[in-house]
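Hello,

Here is the structure I promised to hand over. Please look it over first; my notes follow below.

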Amino acid sequence: MRRYSLYTLLFGTLAFLGVTVLVTLYFSIQRERNELIKTAVSEKINLAEAIDETVFSSAWKFRVSSIPGIENLFIGQMAKAKDVVYIKIVGMNGAVRLSSFKDEVGQTIDDADIRKALTSQEAIVKDSFFGEEKIKLIIYPTQSNNDIFIGFSLQSIGDTIIRTTTQGVALGAGSLVFILLVLFFIFRSITNPIKKIITVCREISRGNLSAKIDVKSRNEIGELADTFNETIKDLRISYASLEEARRKAEEEKEKTLTIIANFSDGLLVFNNENKLSLMNPQAEVFLQTKAETALGSLMSGLKNLPGFKLLVETIEKESLEIFRKELSIRENLILEASTVPMISGEEKLGTLVILHDVTREKTVEKLKTEFVSLAAHQLRMPLSGIKWALRMILDGDAGKITKGQKELVGKSYESNERMINLINDLLNVARIEEGRYLFKSAVANIDTIIQFVVNSYKEEAERKGVKLEFEVLEKELPQVKLDVEKMRLAVQNLIDNAIKYTPSGGRVKVSLRLKNKDIECRISDTGVGIINDQKSRVFSKFFRGANVVKMETDGSGLGLFIAKNIIEAHGGTIWFESEEGKGTTFFFTIPCLP
């Protein structure tokens, strides 16, 4: 786009003004010329009227007729009036009666204008020539049927017009020059500071923040320059702060990149377009892929890389939501993959994938589980033998024993039974961790299963003085598919804890109801409750609350862990509500058959 300087605009404006003044002056001169001619014509007609009244009045005619030649003398004197070239009086027959040129007297003039003037009795004004000089001719009809011819020169009018034109042009030119000079200095006082401002702006754009505008004006331009200088000063300070912040940000960035590069976990970053934008060295080791090969690739395209295949399939299955999964990438490498969305405000910037090597932990855990399973199996047989022998002694099959001996053997039998129950719990935990716990799924009625467990605990509840109730809130519940034996064990662990940790005189209530497409079981008690800061550990292995350990020293701390895994293995959910000293309610759901 073409740019115009202020000087160009200035001189363009002046040229326009000059043309406007000259055009106006031209039309003014033309109007003045016309006024001059109109005035001159009016004066000559007045002169003709005066001649008409003087020459052709009876009194004057009487006086001049007595003096020979007086009429021509009068006409000659009248011809000396300003701009008058000649005067003559012509009769109806066209003969010249009087003339400022004596030799014309008596000559005949055949002119249509004479007849027109005499007929219409109106003055005629027209352009004519006297020799080569252009003149105005007035034909004026008199009262005595004569025409007065007056020819007058336009020389004085032309001189006046020339003089007026010269004066007008001089005045216009002087005015233009004066305006030009005034505007030049005005524009110069404006443009010079602006040029300085533009120069300083260019210096600033090149990074020279030390530039300063030197303007002495005290007008608005000066105020603008002062404000601009203050702005530059603030900009200089802000730029220094920004540079310091940038330097610190670069340092932090270098630190962050160093941490990422030396991080023991693998890190992958996918942007909001699901393109891989970062991959640290540890991730390269885990996935056996160089960063330059994978960076910039879409997540779907990474499936073609062997190390990424299982990871990408898992992430796509979870739709990049927050999750944590264990992935067996290859033999002797198990990674725990976690995804975290990166959000700034309300905008999602991408997704962070963390790869943590859990191979050693899983190996240790597997060894531990195998050891527990082996030990439990090895202990179970001798304990079963001891149980059988003690039972025979208690039943008298080995002969009569004294009352004291029977009490001693009975205590041994109970201790052996607790040991067997602990061994069974350990075996159940081992099977759960090995993923081979449920194997007898069948269609059943859950109310029948729970009723069976409740009935089995009636005697123990009565012995402890606890009221045990069971209520089905629906007339008929749909069937479910589950492992009956394992479900009984889960409900048994929940009811056992409720009775065990409810003081005498308390109540345990079990209820069932249909909730959407699930059956919800509720087991509530009025027992000691769970301490607030220990609630997060309730479903952990070997956990027992500090308040219940004081009440009941026996217990493995595995019951709730086993119950949770059994219910979740059936596609259900378990949770609880508790207040210390007021009781606890456990809830769990089991999905109905479709």
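Start with phenylalanine 178, which is exposed, at a relative accessible area of 57%. Exposed means over 50% relative accessible area, buried under 20%, and partly exposed in between, with a 1.4 Å probe and protein chains only. Phenylalanine 178 sits in helix α5. Helices (H or I, at least four residues) and strands (E, at least two) are DSSP runs, numbered from the N terminus.

A word on the source. This is a predicted model, in which local features need pLDDT of at least 70, side-chain atom pairs count only at pLDDT 80 or more, and totals for chains, interfaces and linings use all residues. Residues are numbered from 1 along each chain as its sequence is written, and side-chain values use heavy atoms, with hydrogens and water left out.

The surface patch

Phe16, Leu17, Phe178, Ile179 and Val182 make a nonpolar surface patch of about 460 Å². Two or more residues each come from α1 (6-55) and α5 (155-205). The most come from α5, with 3 residues. Patch residues have over 30% relative accessible area and no salt bridge; like charges are joined within 9 Å, nonpolar side chains (Val, Leu, Ile, Met, Phe, Trp, Tyr) within 5 Å. A salt bridge puts a side-chain nitrogen of Lys or Arg within 4 Å of a carboxyl oxygen of Asp or Glu.

The whole chain

The chain holds 16 helices and 17 strands. Of its 594 residues, 36% count as buried. Its accessible surface comes to about 36,000 Å², and 55% of that belongs to carbon and sulfur atoms. Areas come from the Shrake-Rupley method with a 1.4 Å probe; for residues, only the protein chains shown count as cover.

The hairpin

Strands β3 (residues 124-130) and β4 (residues 133-141) run antiparallel, joined by 7 bridges. They form a hairpin with 2 residues between them, and glycine 131 in the turn has a positive phi of about 70°. Phenylalanine 129 has lysine 134 in β4 as its bridge partner.

The five-stranded sheet

An open sheet of 5 strands runs in the order β12-β14-β15-β17-β16, with mixed pairing. Two strands pair if DSSP finds at least two bridges between them. β12 (467-472) and β16 (573-579) are the edge strands, each pairing on one side only. From one strand to the next, the twist averages 15°. β14 (residues 507-515) and β15 (residues 518-525) are antiparallel and share 8 bridges. Valine 510 stands opposite isoleucine 523 in β15.

Two helices pack on this sheet. Helix α12 (residues 446-456) touches β12, β14, β15 and β17 (583-591), and its direction makes about 170° with that of β12. Helix α14 (residues 484-500) touches β12, β14, β15, β16 and β17; its direction makes about 170° with that of β17. Contact means heavy atoms within 4.5 Å. Axes are lines fitted to C-alpha atoms, for helices over the stretch in contact, and angles run from 0 to 180 degrees between N-to-C directions.

Lysine 464 is in helix α13 (residues 458-464). Lysine 464 is partly exposed, with a relative accessible area of 28%. Leaving out residues up to four places away in sequence, lysine 464 touches Ile499, Lys500, Tyr501, Thr502 and Ser504. Its C-alpha atom is separated by 9.5 Å from that of glycine 506, 42 residues apart along the chain.

In helix α16 (residues 559-569), the buried residues include Gly559, Leu560, Phe561 and Ile562. Just after α16, glycine 571 takes a positive phi of about 85°.

Best wishes
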